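Notebook open, model loaded. I want to jot down how the chains are built and what sits inside them.

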Amino acid sequence: MSFPWAKNYEPKQPLMKWLDEKLPLPRLVYNAIGAGYPVPRNLNYFWNFGVLAGAALVIQIVTGIVLAMHYAANAGVAFNSVEHIMRDVNAGWFIRYAHMNGASMFFIVVYLHIFRGLYYGSYKAPREMVWLLGVVIFLLMMATAFMGYVLPWGQMSFWGAQVITGFFSAIPVVGEPIRVWLLGGFAPDNAALNRFFSLHYLLPFVIAGVIILHIWALHIPGSSNPTGIEVKDEQDTVPFHPYYTAKDGVGVGVFLLLFVALTFFSPNLLGHPDNYIAANPLSTPAHIVPEWYFWPFYAILRAFTFNFLWIDAKLWGVIAMFAAIALLFFLPWLDSSPVKSSNYRPLNRKFFWVLVVDVLILGYCGKSPAEQPYVILSQLAAAYYFAHFLIILPIISRIERPAPMPNSITEAVLAKHADDASAATA
Amino acid sequence: MTSETDISAGIEDGVRRRDFINIAAVSFAGVGAAAVVLPLVNQMNPSADVLAQSTTEIDISAIQSGQAIKTSWRKQPVFVRNLTPAEIAEAKKVPLSDLRDPQTIDERTKPGKENWLITLGVCTHLGCVPLGAAEGENRGDFGGYFCPCHGSHYDTAARIRKGPAPKNLVVPPYEFNSDTVVTIG
């Protein structure tokens, strides 16, 4: 579906006409990311991050397929095969560093994409399905990233696998058998490494599939925009191509600059030195931490240090960590305000920034050792995280008085231009 | 060409022959699919060679009082600790009501060999190897073991005293073959 004024695909060359009758793939592309897709005229640079996440996925798939040509998924040789990639394979160091840092870049842009959605209310009707599919993609990314981190079979790989599969042992009665089933043994070993490799290769393609659904669901109502006002007529939109292909092109350029800067100048900045020590099942590193993109959730996991009701601390921690993500599935219904954009929601805008700070605090606690004051800090921050979604958001969406809103996207854009013009003449 | 009247010919009780064939065919395919899922799920369980590593024999003659060693059983670390009389007394002194997972030291050791504390070196929280087996490592607030990952403290009978772990360190099945040799598993 699209707006009635969307441009129609009209192939001119005989070959393209022939192709359009047999397999209208160019038509599909034209209508999805070409001139046939009308997009609000006022998107800002925060709307780049979906495309950037797609670019990051492509980089991960390309570098990952190459790495798999040189890597050996066997507990005896995995660590050495990674060193072989780093030292012996032609440009192997570059491809591996690109893959390692590509994962971080992927999460950076996805987190910005998620917070963009939170600020501008992109999760609200009629785009709930886009948001739900996005949360599914986020979960798949986390699983993929975790399994990928196990593959080099260093100390952090091994102990990460031990701790994360340990989550499942918190489930009463069946937990330990599930853990043994997941690992194919009593501790992470060859069986676990092999299956993680297999799944790490599979899941990115599953992610690509869900991304297609994500974009499909988005294109039914059409893209959201910074005012949160729906498109009313043709003057509110511009064709995706060339306007946003060009704007996204600028974003991709900046993204690639930062990506290569990280890859070439400080490739291990976001990694852990312990992962350059081969896995040792008899010795845990003094301080194990997951990769940075898991820190906030890791802090929530560790926040429970006490038994509560009839459930023990360990199970609470695991429940809380999964609930922190599962909560996002209910977000479209927790926030009942009809106003989408926080630009017109003074109260929600304040609490949005408090949430950002709260997540950063959780991240800092997740990175820090399990000692005071980080334990109490992560307890408070975790409590606030849940309170934000379950208490604060439902309340402010009822009591908040939104700021006056323009009647249309075009009106908002023209008002801004008038302001700029009067500021320039004054 | 089959017309609608031909298909509904022979209807008894409103059920067509084709309804039966549909149900039978889909059920058969369903059972077949379930039968294929079973081996696909079961292949994830530990293989025969992994299960074969299920007993380990260890010589404990060299462990002095107050010392501990780290060994391995089923690819998991095992702590063998020769407790000092003071450590045993300290463990006995603790009232069971103070414990998260109440067990006496006698329940965790063999009769007459209560100085030998043999446990898995796997924190019951999320499976890190606690510190305290080797000389000079942090033994936590209760003189037993300390898990650095999430801060669980175990006492001298390897019982959980503080931190997120729900259970005491697991005592694996083991037998004394002689005074100096133990078989775990």
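Ground rules for myself. This is a predicted model, where local features need pLDDT of at least 70 and side-chain atom pairs count only at pLDDT 80 or more, while totals for chains, interfaces and linings use all residues. Residues are numbered from 1 along each chain as its sequence is written, chains are lettered from A and ligands numbered from 1 in the order in which they are written, and side-chain values use heavy atoms, with hydrogens and water left out.

**Cores.** I count a nonpolar core as a set of buried Ala, Val, Leu, Ile, Met, Phe, Trp, Tyr and Cys residues joined through side-chain atoms within 4.5 Å. Buried is under 20% relative accessible area, exposed over 50%, partly exposed in between (1.4 Å probe, protein chains only). The largest core has 130 residues, and A:Phe107, A:Leu118, A:Trp131, A:Phe138, A:Tyr385 and A:Phe389 touch the most other members. Helix α6 (residues 128-150) of chain A gives this core its largest share, 15 residues. Helices (H or I, at least four residues) and strands (E, at least two) are DSSP runs, numbered from the N terminus. A second, separate core holds 14 residues, including B:Ile63, B:Val78, B:Tyr174 and B:Phe176.

I then checked A:Tyr385 for contacts (heavy atoms within 4.5 Å). Leaving out residues up to four places away in sequence, A:Tyr385 touches, among others, A:Ile300, A:Leu328, A:Asp358 and A:Leu362.

**Chain B.** I get five helices and nine strands, in the order α-α-α-β-β-β-α-α-β-β-β-β-β-β. The radius of gyration of chain B (over C-alpha atoms) is 29 Å, well over the 16 Å that the globule rule gives for 185 residues, so chain B is more spread out than a compact globule. That rule is 2.2 Å times the number of residues to the power 0.38. The C-alpha box is roughly 95 × 35 × 30 Å along the principal axes. Of the 185 residues, 40% count as buried.

**Helix α4 (residues 85-93) of chain B.** Which residues are buried here? I find B:Glu87, B:Ile88 and B:Ala91. They cover an arc of only 100 degrees around the axis, so they lie on the same side of α4(B); the arc is that of the directions from the helix axis to the C-beta atoms. B:Pro85, B:Ala86 and B:Lys93 are exposed on the other side. The buried residues pack against β3 (76-82), α5 (105-108) and β5 (143-147) of chain B.
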